[in-house]
Amino acid sequence: MSIEKYKIEEFNQSLLKDHQRKLDFIVAGLPGAEGILQKLADFQVAIPSWALGTGGTRFGRFSGGGEPRSLEEKIEDVGLLHALNRSSGAISLHIPWDIPSKPASIKALAAQHGIRFDAMNSNTFQDQPGQAESYKFGSLQHVRKEVRKQAIDHNIEVIRYGEELGSKSLTVWLSDGSCFPGQLNFRQAFQHTLEGLKEIYAVLPADWKMFVEYKAFEPNFYSTTVGDWGQSLLYTSKLGPKAYTLVDLGHHLPNANIEQIVALLLMEGKLGGFHFNDSKYGDDDLTVGSIKPYQLFLIFNELVEGMDARGMNHATDLGWMIDASHNVKDPLEDLLQSVEAIMLSYAQALIVDLDRKKLVSAQQANDTVAAQEILQNSFRTDVRALVAEARRRAGGALDPLGLYRHEKIREQLMKKRGAGAVATGL
Ligand code: LRH
Ligand code: MN
């Protein structure tokens, strides 16, 4: 289902007067507003195909109904998000949850919605029906060569699907690790994993990237074989120039300084991209910016500073992807909120950039108060009208969530797909 352009324009018209007042106010005090508006319009966030349905935990899953029943309907839902906010122009697929049986028609359908295919995700953390070898004790780390080979072959198969869709990157997240001391030889697990990643890297097309995603714990609760940014950097440094580290915000131990990790990975030229979400305890996969919005802003502040220092293109040189799970919210509303939070933090970081010289001189003068004031001034600047204006100029809705509800889209999806329609994914 798609939303007609005239409905977006009509809805914007009803909000325009108030929007213009807020926009005039922020632009009046913001030299370079046009540059920021262009950067916001260029910035696209990839939507995870596995988060278009209701997520759950081992304790339960409470489906909200009207969920996409096929890859085609998942692409339609991402198309709907993109029509509303003009910042969701990509989808990230997870194999085998979303095998593109007819790649050409899938690619054509996505193009109709202005959607491109971002990173492909492999899955060696679940056993599929009829699978020869089990991943119970890991995949690339496994003590048995047959299991490692099965996992390598799967990742190569995922690359092949991606090539047919025009994707240019593979994300490898390994649940591999151990649950008890003594269960695993850490050195052998690392070397097996590196050998496996090298075999996958060897078949990576020349213009592709490999993202190695780390995670501190879950589903293993004693050790994880790609457990933190240092371990991921060790792998990606040994693999080669097409291998990068992927930062999932929920994959850190409590109180980790993620913005510092981001700054150093960027400095090393080994930051590949992000899985944006938020969390209070573990890998909670909550709405982006819903728990620690200041941390998200600080991460984008390091991104803007670090990418500019390397002359990188903000929109295209890193993988901007969401990885969330919706246990109590409408998945599409949750994703609209997450994209909005990302755009707001990026816009606030671009405002810091206008004062970058002042920040640098405060740092050089060890004037901690002045440096903090510059950052917090940007974080406390209401940039919602800027992000809305970038959307409006790109043909989107001034208030995507408001229009989504005004048009009763979930109800329409329920009618079309049924209350019991459940999507593949987490
Ligand atoms: C692991 C992870 C990984 C995905 C999965 C859906 O926690 O973040 O990125 O493969 O979630
Ligand atoms: Mn992730």
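## Buried residues and surface

Of the 426 residues in this protein, 56% are buried (under 20% relative accessible area; exposed is over 50% and partly exposed is in between, with a 1.4 Å probe and protein chains only). The protein exposes about 18,700 Å², and carbon and sulfur atoms supply 55% of that (areas by the Shrake-Rupley method with a 1.4 Å probe; for residues, only the protein chains shown count as cover).

This is a predicted model, where local features need pLDDT of at least 70 and side-chain atom pairs count only at pLDDT 80 or more, while totals for chains, interfaces and linings use all residues. Residues are numbered from 1 along each chain as its sequence is written, chains are lettered from A and ligands numbered from 1 in the order written, and side-chain values use heavy atoms, leaving out hydrogens and water.

## Overall build

You'll find 15 helices and 13 strands here (DSSP runs numbered from the N terminus: H or I of at least four residues for helices, E of at least two for strands). The C-alpha trace spans about 65 × 60 × 40 Å along its principal axes.

Take the contacts (heavy atoms within 4.5 Å) with a separation of 6 or more: 80% of them come from residues 24 or more positions apart.

## A look at His 94

His 94 sits in the loop between β4 (90-92) and α4 (103-112). Is His 94 buried or exposed? His 94 has 6% relative accessibility, so it counts as buried.

Leaving aside residues up to four places away in sequence, His 94 touches Ser 49, Trp 50, Asn 121, Ser 122, Asn 123 and Phe 125.
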